[in-house]
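I would ask you to look at the model on the screen while I go through its core and its metal sites.

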Amino acid sequence: MTSIKLRPKASVRQALNSFLNFLFPSYCLLCDAPLGVGERIVCGRCWARLEIITDRFCPKCSALLRKGRGICASCSKTGYYFSFNRSLGPFDQRYQTLIHHLKYERMTSLAVRLGEKLVFLLRTEPRFAPAEGIVPVPLHPTKLRERGYNQSLLLAQEVSRGSGLPLIDDALQKVRRTKSQTMLTFQERVENLRGAFRVKLREKVEGKKLILIDDVFTTGSTLNNCAQALLEAGACEVYGLTLAIAKGS
Ligand SMILES: [Zn+2]
Ligand SMILES: [Zn+2]
């Protein structure tokens, strides 16, 4: 009787969940193990095993360094507009599956848990301390209509909520559709994205230190073009915060 008195709604929900799980058993997206009570999409074990880059990374792009310390080989040859990027983890099979489902399979609730992890990273990196706003990498309006949502905005909303930093999602826009970057080098990507991003509301970014949010850091060209547009519109400094980094060193 006491348990019913204490949390009637929770116990009803729990019973309903167990019943639904019995009818439609669900499995972890990453390891195929049956999901337990309260687990959704990914099991607790897999969330705990997700690799987080905490040390031995390039101070510019955050790629894991296999040998030694200091700036990685590709960053030593490249100048970026953003000050640095931090990625949660390497773009391994787990991150690849999570990001694919967040982006293309409408599993938008993944953004909540991944956003929490981005907030953890933000808090542990002292170089983010001066940041004054969160800016998602925008999608072109046509792409946004096709997909129905912008995964970077979903992540940015979570980061804003968790960090208390204001979300600035209407200043930076993608004004030109660009071709897929998969097979392009850094230089080709820079050319492909030239002029693709524009700041519409300068007053929202002027004089500010901003964190750009994106899903994957590959060569850094997307963050770089967004950072360039923000700096040219008067932003003071731009940092990158991304889910996974697809380059090694
Ligand atoms: Zn699992
Ligand atoms: Zn680097």
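I begin with leucine 114, which touches Trp47, Leu50, Leu88, Leu98, Leu102, Leu155 and Leu243, residues up to four places away in sequence being left out; contact here means heavy atoms within 4.5 Å. Please note that this is a predicted model, in which local features need pLDDT of at least 70, side-chain atom pairs count only at pLDDT 80 or more, and totals for chains, interfaces and linings use all residues. Residues are numbered from 1 along each chain as its sequence is written, chains are lettered from A and ligands numbered from 1 in the order in which they are written, and side-chain values use heavy atoms, without hydrogens or water.

Which residues touch the most other members of the largest nonpolar core? They are Leu114, Ile211 and Leu241, in a core of 37 residues. A nonpolar core is a set of buried Ala, Val, Leu, Ile, Met, Phe, Trp, Tyr and Cys residues joined through side-chain atoms within 4.5 Å; buried means under 20% relative accessible area, exposed over 50%, and partly exposed in between, with a 1.4 Å probe and protein chains only. Helix H6 gives the largest share of this core, seven residues. Because domain 1 (1-49) and domain 2 (51-245) both contribute residues, the core lies between them; these bounds come from an automatic or database domain assignment.

Helix H6 covers residues 110-124. Helices (H or I, at least four residues) and strands (E, at least two) are DSSP runs, numbered from the N terminus. Among the buried residues of H6 are Leu110, Leu114, Leu118 and Leu122. Proline 126, in the loop between H6 and strand S2 (133-136), is exposed, at 62% relative accessible area.

I turn now to the metal sites. The zinc ion (ligand 1) has Cys28, Cys31, Cys43 and Cys46 as its protein donors, each through SG, at 2.3 Å. Donors are N, O and S atoms within 2.8 Å of the metal (3.2 Å for Na, K and Ca); water is not among the atoms, so sites may look incomplete. Why is the arrangement tetrahedral? The four donor atoms subtend angles of 106 to 115 degrees, and four donors count as tetrahedral if all angles lie between 85 and 135 degrees. Cysteine 46 is buried, at 2%.

The zinc ion (ligand 2) is coordinated by SG of Cys58, Cys61, Cys72 and Cys75 at 2.3 Å. Its donors follow the spacing C-x2-C-x10-C-x2-C.

Technical notes. The expected span of a helix is 1.5 Å times one less than its number of residues. Four donors count as tetrahedral if all angles lie between 85 and 135 degrees; four count as square planar and six as octahedral if opposite donors are over 155 degrees apart and all others between 65 and 115; anything else is irregular.
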